[in-house]
Amino acid sequence: MELFLDTANLQQIKEVAEMGIISGVTTNPTLIAKEDPSVSFKQRILEIYQIVGGHVSVEVVSTEKDGMIREAEEIISWFPEATIKIPMTPQGLSAVKELSKREIPTNVTLIFSATQAIAAHQAGATYVSLFLGRLDDIAYDGIAVLNDICEIWDVQGYDSLIIAASIRNPIHIVEAARAGADIATIPYNVLMQSLKNPLTDRGIELFLQDYDKFITERQKSMLI
Ligand code: G3P
């Protein structure tokens, strides 16, 4: 399973990209709106792409097919490697079908059920994004839906890539990997939290203490 960062924050992207653990970034209008408004949308997206150099999903805000396609064309003119994020609506599916004919990669977002995922695949989506956390929020089992989708993809031999999105905690990451998601797109805080373990911190502390002890003993024995 690949890891993407779910953010539009350049500092977060730089920090995590340096660790070599992410191969892409997903953004959405809410994430963009959290950042400095003096930076244009285009500039932010291009800076993200420069840092990551891999997958960048950029979401359209039109609700009609033609508007979505116009936005996709505009984004592709900024950098042809862009993946266009399209909402899971009938108009969105029509846009996906058209973009897929033109071989423009799409990421169908706001998927909450296996039937929506199947429809997105059939329309020609490159990626289907299931929102785990938002399902959990309304007392549905997001991981159960992800398991269904992964099983269907295996049975049917579907080739669109499954993104586990709206990840809220490290257990979501583990469960997404266990289910067989191709990608988990993770907020910065959750990703950083998932790297931590108190035993790692304690282990480093003990190694350093022992090393200090060794150096002190060595210095003493050299003095004698
Ligand atoms: O990638 C989807 C994600 O940005 C939505 O996450 O936490 O707003 O449900 P959340």
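What span should the twelve residues of helix 3 have, and how far apart are its end C-alpha atoms? Bear in mind that this is a predicted model. Select residues 41–52: at 1.5 Å a residue, helix 3 should span 16 Å. Its end C-alpha atoms lie 17 Å apart, which agrees.

Within helix 3, now highlight Arg44, Ile45, Ile48, Tyr49 and Val52, which are its buried residues. Look down the axis of helix 3: these buried residues fall within an arc of 135°, so they line one face of the helix. Display their surroundings next. The buried residues of helix 3 pack against several elements, including helix 1 (10–18), strand 3 (55–59) and helix 4 (65–78). Then step just past helix 3 to glycine 53, which takes a positive phi of about 65°.

Eight strands close into it in the order 1-2-3-4-5-6-7-8, with parallel pairing. From one strand to the next, the twist averages 30°. For a detail, select strand 7 (residues 161–165) and strand 8 (residues 183–186), which pair in the parallel sense over two bridges. Alanine 164 has alanine 184 in strand 8 as its bridge partner.

Finally, consider the aromatic rings, which form five aromatic pairs. Select tyrosine 211 and phenylalanine 214: their ring centres are 6.3 Å apart and their planes are at 40°, so the pair is tilted. Both belong to helix 11 (residues 198–223), where, being three residues apart, they are separated by about one helical turn. Phenylalanine 214 counts as partly exposed, at 48% relative accessibility.

Terms used. Residues are numbered from 1 along each chain as its sequence is written. This is a predicted model: local features need pLDDT of at least 70, side-chain atom pairs count only at pLDDT 80 or more; totals for chains, interfaces and linings use all residues. Side-chain values use heavy atoms; hydrogens and water are left out. Helices (H or I, at least four residues) and strands (E, at least two) are DSSP runs, numbered from the N terminus. The expected span of a helix is 1.5 Å times one less than its number of residues. Buried means under 20% relative accessible area, exposed over 50%, partly exposed in between (1.4 Å probe, protein chains only). The arc is that of the directions from the helix axis to the C-beta atoms. Contact means heavy atoms within 4.5 Å. Rings of Phe, Tyr and Trp (its six-membered ring) pair if their centres lie within 6.5 Å; planes under 30 degrees apart count as stacked, over 60 as edge-to-face and the rest as tilted. Two strands pair if DSSP finds at least two bridges between them. Axes are lines fitted to C-alpha atoms, for helices over the stretch in contact, and angles run from 0 to 180 degrees between N-to-C directions.
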